[in-house]
Amino acid sequence: MNKALRVLLLFFLIVIAAFTLSACKVPDPVVTDDEPTPSPSPTLAPTMFIPTPDPTITPRPMEGLQPLEVNATPILIDPFDKPTPPPLTFSYTPVNTEISDALGVTFEVPNDWDVAMDPNSKTVEYKENPSRIQSGTNVQAFVVVSVSEFSSNRTLDDAKGFLDEQITQMRTLYGDKIEVSSRADRKLMSKDGVYISYWIKNYDDITDLMVRGRVHVVAVDRKIYMIRTLWPADYNQEYDDKVYKTIRNTLKAL
């Protein structure tokens with residue numbers, strides 16, 4: 001009897017175990033031909049780029065500016081507004097026979113300027129008559145014309161060296177009060193010449209008094225010709241256009 005009960009109990013336990021395993025089995029997934037529909041990606045809103053507008057530039061009048069000549073170096077100008085000086089007027093006359101014979105050249109100058117000549121150095125200086133000195137400047141404008149003669153033909157390089165000597169002399173005379181531009185090429189007497197512009201502050205030890213000028217040289221055959229000018233800076237353009245350019249354009253060898 002006991003053996004029969006044990007067998008029946010064992011069978012009962014096996015049935016219960018089998019039922020438990022069947023209940024715990026994970027069912028196989030159902031496979032279908034339908035693919036899942038993917039979720040659409042979110043659409044990003046476009047980034048709007050608004051360019052920065054260009055600044056508005058209002059042109060300013062350029063009255064009173066002096067145009068630079070070719071190869072010229074800009075120079076310091078007074079940054080403060082000043083009244084435009086009245087135009088200067090000149091009448092011109094050829095140099096007299098004594099001067100033209102001594103220098104071997106002819107040119108035109110203002111007819112009321114005072115003249116002083118050194119025949120030994122072949123140099124002539126024309127100074128503005130004191131009665132014409134521009135009000136408020138106390139500067140007597142002047143022009144020097146010189147002719148230097150050598151034993152052999154001179155070249156453009158010789159003219160540049162001669163110009164450098166003039167610059168050295170002016171620096172010795174005026175020290176740190178003088179400023180000089182770089183050399184620039186410009187014809188004189190229909191030949192290739194070279195010149196510099198210069199300006200001197202506190203001229204004659206007068207505070208804030210500024211003068212301007214230029215030195216222009218050219219080599220022609222065995223000679224070097226030079227024009228040197230000086231006048232009040234406030235009237236530079238007037239003198240430059242009406243005195244210097246007149247002499248430059250009329251200077252001719254006899």
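**Loops, rings and a pocket**

Author: Asp-205 sits in the loop between E9 and strand E10 (211-220). Keep in mind that this is a predicted model.

Reader: Is Asp-205 buried or exposed?
Author: Exposed. Its relative accessible area is 66%, and over 50% counts as exposed.

Reader: What about its phi?
Author: Phi of Asp-205 is near 60°. That is a positive value in a residue other than glycine. Most residues other than glycine have a negative phi.

Reader: Where is Ser-190, and what is its phi?
Author: Ser-190 is in the loop between strand E8 (184-188) and E9. Its phi is positive, about 65°, although Ser-190 is not a glycine. Ser-190 counts as exposed, at 69% relative accessibility.

Reader: Then there's Asn-120. Which loop holds it?
Author: The loop between E4 and E5. Asn-120 is exposed, with a relative accessible area of 77%.

Reader: How far is Asn-120 from Leu-103?
Author: In space, 10.0 Å, C-alpha to C-alpha. In sequence, Asn-120 and Leu-103 are 17 residues apart.

Reader: Let's step back. How many helices and strands are there?
Author: The protein chain has 4 helices and 12 strands.

Reader: What share of the residues is buried?
Author: Of the 254 residues in the protein chain, 33% count as buried.

Reader: Pick a strand residue for me.
Author: Ser-197, in strand E9 (residues 191-200). Its relative accessibility is 15%, so Ser-197 counts as buried.

Reader: What does Ser-197 touch?
Author: Glu-179, Val-180, Ser-181, Gly-213 and Arg-214. That leaves out residues up to four places away in sequence.

Reader: New topic: aromatics. How many aromatic pairs are there?
Author: The count comes to 7 aromatic pairs. One of them is Phe-90 with Trp-113, and that pair is edge-to-face. The centres are 6.2 Å apart, with 70° between the planes.

Reader: Why does that pair tie parts of the chain together?
Author: Phe-90 lies in the loop between helix H1 (2-24) and strand E1 (92-94). Trp-113 lies in the loop between strand E3 (108-110) and strand E4 (114-118). So the pair ties together parts that are 23 residues apart in sequence. Both Phe-90 and Trp-113 are buried.

Reader: Are Phe-107 and Tyr-126 buried or exposed?
Author: Phe-107 is buried, with a relative accessible area of 1%. Tyr-126 counts as buried at 5% relative accessibility.

Reader: Which residues form an aromatic cluster?
Author: Phe-90, Tyr-92, Trp-113, Trp-231 and Tyr-239 form one.

Reader: Tell me about H4. Does the length agree with the count, or disagree?
Author: It agrees. Helix H4 has 15 residues, 236-250, so at 1.5 Å a residue it should span 21 Å. Its end C-alpha atoms are 20 Å apart.

Reader: Where does H4 bend?
Author: At Tyr-244, by about 30°.

Reader: Which H4 residues are buried?
Author: Among them are Asn-236, Tyr-239, Tyr-244, Ile-247 and Thr-246. Thr-246 has a relative accessible area of 15%.

Reader: What is Thr-246 in contact with?
Author: Leaving aside its neighbours within four places in sequence, Thr-246 is in contact with Tyr-92, Glu-108 and Asp-241.

Reader: Last topic: pockets. What volume does the second largest pocket have?
Author: About 230 Å³. The second largest pocket is lined by 14 residues. Val-144, Gln-166, Gln-169, Met-226 and Arg-228 lie nearest its centre.

Reader: Which elements give two or more residues to that lining?
Author: E5, strand E6 (142-149), helix H3 (156-174) and strand E11 (223-232). The largest share of the lining of the second largest pocket comes from H3, with 5 residues.

Key. Residues are numbered from 1 along each chain as its sequence is written. This is a predicted model: local features need pLDDT of at least 70, side-chain atom pairs count only at pLDDT 80 or more; totals for chains, interfaces and linings use all residues. Side-chain values use heavy atoms; hydrogens and water are left out. The expected span of a helix is 1.5 Å times one less than its number of residues. The bend at a residue is the angle between axes fitted to the seven residues ending there and the seven starting there. Buried means under 20% relative accessible area, exposed over 50%, partly exposed in between (1.4 Å probe, protein chains only). Rings of Phe, Tyr and Trp (its six-membered ring) pair if their centres lie within 6.5 Å; planes under 30 degrees apart count as stacked, over 60 as edge-to-face and the rest as tilted. Contact means heavy atoms within 4.5 Å. On a 1 Å grid over the protein atoms alone, a cavity is a set of points where a 1.4 Å probe fits but cannot get out, and a pocket is an open set with protein on both sides within 12 Å along at least five of seven lines; lining residues have an atom within 4 Å of a point. Grid points are joined across faces, edges and corners, and a volume is the space filled by probe spheres set on the points.
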